[in-house]
Every structure is written in C-alpha cells, then in structure tokens.
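Good morning, and thank you for coming. Please look at the sequence and the structure that I am about to show.

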Amino acid sequence: MKEITAEHYNLAIYEYEQGMSLEELRVVIKHYEDLEQFEVCQGVHLAVEVIRFNILFELALEQKIKTKKLKWKSTKK
C-alpha cells in the first residue's frame, strides 16, 4: 500500500472513532474523486469497507449469542 493511501486509511479510521459517520466518510471519498486523488480515495474507501465489515461481524456475533440463549420447547409429547 502506498504511503499516502495508508495515511488516509489511518486518518479515516481515526475520524470514524472520533465520531464521523460512514456517510460523511463517503462524502470525503466523493470529494477526493472529484479532485482525481485516487490514492487518497483508495485509503478512505478501504477504511469504510473495514469499518463496515467490523460492524457486520459484531452484529453476527451478537446474533449468535442471542440464538444460543434461546431454549426451544418441544411440541412433541
């Protein structure tokens, strides 16, 4: 990964942790696309994808924990 891409990846992760939304990060991507700074876009885009993956992974873990706690009652006598 090029240095500028890595820098903007780390910056996007930091900004998200400080409260920036995924939608705001997508606006940043669009801004840099318009400026044709594609290596910057790549870093921010990668950060968005990693964040989305982590969110989905956490949701899947929560769902798995919830389903383990369910106790099914048999309808058979």
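Predicted model: local features only at pLDDT ≥ 70, side-chain atom pairs only at ≥ 80, totals over all residues.

Leaving aside its neighbours within four places in sequence, with which residues is His-8 in contact? With contact meaning heavy atoms within 4.5 Å, the partners of His-8 are Tyr-32, Val-40, Gly-43 and Val-44.

Residues are numbered from 1 along each chain as its sequence is written, and side-chain values use heavy atoms, with hydrogens and water left out.

His-8 belongs to helix α1 (residues 3-17); helices are DSSP runs of H or I, at least four residues, numbered from the N terminus. With a relative accessible area of 16%, His-8 is buried. Buried means under 20% relative accessible area, exposed over 50%, and partly exposed in between, using a 1.4 Å probe and protein chains only.

I turn now to the salt bridges, of which the structure holds four. Such a bridge is a side-chain nitrogen of Lys or Arg within 4 Å of a carboxyl oxygen of Asp or Glu. One of them joins the side chains of Lys-2 and Glu-39, at 2.8 Å from N to O. This pair links distant parts of the chain, 37 residues apart: Lys-2 is in the segment before α1, and Glu-39 is in helix α3. Lys-2 is exposed at 53% relative accessibility, whereas Glu-39 is partly exposed at 32%.

Definitions and conventions: Helix = DSSP H or I, 4+ residues; strand = E, 2+ residues; numbered from the N terminus.
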